[in-house]
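User: Please examine the structure below and answer a series of questions on its helices, sheet, domains and ligand surroundings.

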Amino acid sequence: MDRLRIVGGQRLEGAVTISGAKNAALPQIAAALLSPYRLELTNLPAVTDVENMLGVVGLHGAVVTRSAHAATINTSAAVSKETTYDTVRKMRATVLVLGPLLARFGHARVSLPGGCAIGARPVDMHIATLAALGADIGIEGGLIVASAPNGLRGARIVLSSPSVGATETAMMAATTAKGETEILNAAREPEVADLAACLNAMGAKIEGAGTHRILIEGGTSWRAATHDIIPDRIEAGTYAVAAAITGGQLELTHARLEHMASVVQLLEAAGVKIWPGDRGLIVSRDGPLKAVDVTTEPYPGFPTDLQAQFMALMCCADGASLLRETIFENRFMHVPELMRLGANIKLQGTMALVRGGEQLKGAQVMATDLRASVSLVLAALVSEGETVINRVYHLDRGYEQLDRKLRLCGAHIERIST
Ligand SMILES: CC(=O)N[C@H]1[C@@H](OP(=O)(O)OP(=O)(O)OC[C@H]2O[C@@H](n3ccc(=O)[nH]c3=O)[C@H](O)[C@@H]2O)O[C@H](CO)[C@@H](O)[C@@H]1O
Ligand SMILES: C=C(OP(=O)(O)O)C(=O)O
């Protein structure tokens with residue numbers, strides 16, 4: 001199992017290429033199962049979640065042709081097979097094949113994902129949206145078993161909360177339904193809009209993705225398509241924090257300001273300067289870091305996927321900041337590990353009070369999930385001495401060549417393979 005060894009104290013300077021968004025890539029790979037024609041995805045991030053998702057569509061008979069940052073997925077010979085617990089356990093986003101399999105083949109059997117480090121993460125809304133589209137759907141022996149032998153039919157779907165995954169499931173399934181589907185209280189994340197753009201390139205007729213109300217005209221005539229995945233706003237936000245925490249300056253090549261308004265606003269409030277450059281965004285800090293409060297919210301609010309990274313930043317700010325997590329009930333697994341580095345954090349329910357300003361000191365720490373792991377990397381960059389981060393496979397799920405990208409900007413970081 002690989003580990004990362006980081007010696008803190010280096011100011012980061014240089015350019016970081018922001019990869020394609022993992023959370024846009026995963027549903028788009030699942031969407032390939034909808035159409036018998038090839039889907040070519042470009043700007044595909046080279047991360048293990050993407051490899052796993054390509055493996056999952058491969059298990060359903062898709063033929064995948066790869067290059068470093070692209071994949072062509074041909075599902076002309078695909079079938080709806082059982083997606084086992086073993087597959088879903090590795091990566092929850094696997095549940096996104098449910099809608100496409102049901103829509104294309106009229107039946108699907110996908111294992112229930114179960115809880116994970118950040119929360120229980122039920123899939124009841126995914127199930128409810130497919131039931132609203134006319135599927136006969138239930139749980140049998142740990143599997144979601146769905147059928148619609150006569151096809152799905154368009155419906156008005158009102159989500160009880162704007163779930164990203166449930167919006168994506170509903171949108172994908174509705175492309176083959178008879179008639180029109182309206183999704184209300186839809187998630188507005190850029191990854192949802194990018195999935196709609198990909199589906200539209202494949203022949204679908206979707207309007208309104210990126211707003212609360214999405215309209216999908218069913219009965220799609222599919223065609224071959226190529227789609228370029230949007231840059232990863234969470235990866236960009238992570239490197240913005242790396243520049244801020246080390247008092248450095250980074251150019252985030254490809255990063256898009258329009259996807260990062262709430263993040264930019266909070267960073268600026270913390271004393272960080274951000275401005276658009278020719279190739280993306282430039283992030284710089286030379287003054288003191290100010291403590292700011294953070295509340296995670298659905299997009300366009302501050303993303304839960306950057307809460308851990310901001311907590312690392314607030315550990316180095318002057319004063320106290322309150323971080324409130326409203327999306328996942330257990331997304332503070334990084335707190336005890338940051339405390340091992342000397343951070344002063346008090347947890348109460350869904351809130352964390354961070355008293356910044358202590359000099360962090362290197363230690364052995366353990367990564368528990370993707371964003372928790374990267375918050376430890378960020379804290380280690382400013383910790384005195386050496387930090388060793390175990391279970392790096394969490395990082396590899398969603399960050400392409402993190403150690404290399406940081407090293408190129410001056411970080412003292414090495415991967416120890418065992
Ligand atoms: C692969 C991917 O894109 N992952 C992202 C996606 O996850 P994901 O799509 O799983 O997140 P959701 O937006 O669905 O989850 C939001 C909340 O709704 C709850 N919920 C969700 C579905 C459901 O059927 N029932 C239910 O109760 C979840 O437990 C959570 O508390 O959006 C999250 C919120 O921005 C991000 O943190 C994840 O990185
Ligand atoms: C929680 C995340 O991903 P997933 O939904 O795939 O677990 C994440 O990207 O931070």
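Analyst: Angles under 35 degrees count as roughly parallel and those over 145 as roughly antiparallel. The model discussed here is predicted.

User: What is the relative orientation of H8 and H10, roughly parallel or roughly antiparallel?

Analyst: Helix H8 (residues 233–245) and helix H10 (residues 307–314) have axes 10 Å apart and pack at an angle of about 5°. Angles under 35 degrees fall in the first class. H8 and H10 are therefore roughly parallel.

User: Which residues of H10 are met by H8, and how many residues of each class make up the contact?

Analyst: From H8, the contact takes Gly-237, Thr-238, Val-241, Ala-244 and Ile-245, which meet Gln-309, Phe-310, Ala-312 and Leu-313 in H10. By class, this contact of H8 with H10 has no charged residues, 3 polar and 6 nonpolar.

User: How many residues does each domain give to the contact between domain 1 and domain 2?

Analyst: The domain assignment of the protein chain places 3–19 + 232–416 in domain 1 and 22–228 in domain 2. Taken over C-alpha atoms, the centres of the two domains are separated by 30 Å. The contact takes 19 residues from domain 1 and 14 residues from domain 2.

User: What is the class composition of the side of domain 1 that touches domain 2?

Analyst: The side in question belongs to domain 1, which the assignment gives as 3–19 + 232–416. By class, the residues there that touch domain 2 are 8 charged, 5 polar and 6 nonpolar.

User: Which residues surround ligand 2, and how many does the shell draw from each domain?

Analyst: The surrounding residues are Asn-23, Arg-92, Ala-93, Asp-305, Leu-370, Arg-371 and Gly-398. By class, the shell around ligand 2 holds 3 charged, 2 polar and 2 nonpolar residues. From each of domain 1 and domain 2, this shell draws at least three residues.

User: Which strands stand at the edges of the open sheet of 4 strands?

Analyst: The sheet has the order S6-S7-S9-S8 and its pairing is mixed. S6 and S7 (residues 107–111) run parallel and are joined by 2 bridges, whereas S8 (residues 136–140) and S9 (residues 143–147) pair in the antiparallel sense over 5 bridges. A strand with a single partner is left without a neighbour on one side, so the edge strands are S6 (82–83) and S8.

User: At what angle does H4 run to S7?

Analyst: S7 contains Arg-109, the bridge partner of Glu-82. Helix H4 (residues 98–105) lies across S7 and S9, and its angle to S7 is about 160°.

User: Which residue in S5 stands opposite Val-64?

Analyst: Strand S4 (residues 63–67) pairs with strand S5 (residues 70–74) over 5 bridges in the antiparallel sense. The two strands form a hairpin with 2 residues between them. In S5, the residue opposite Val-64 is Ile-73.

Notes: Residues are numbered from 1 along each chain as its sequence is written. Chains are lettered from A and ligands numbered from 1 in the order in which they are written. This is a predicted model: local features need pLDDT of at least 70, side-chain atom pairs count only at pLDDT 80 or more; totals for chains, interfaces and linings use all residues. Axes are lines fitted to C-alpha atoms, for helices over the stretch in contact, and angles run from 0 to 180 degrees between N-to-C directions. Angles under 35 degrees count as roughly parallel, over 145 as roughly antiparallel, 65 to 115 as roughly perpendicular and the rest as oblique. Two residues are in contact if their C-beta atoms, placed from the backbone, lie within 7 Å. Ala, Val, Leu, Ile, Met, Phe, Trp, Tyr, Cys and Pro count as nonpolar, Asp, Glu, Lys and Arg as charged, and the others, Gly among them, as polar. A residue is near a molecule or strand if its C-beta atom, placed from the backbone, lies within 6 Å of it. Domain bounds come from an automatic or database domain assignment. Two strands pair if DSSP finds at least two bridges between them.
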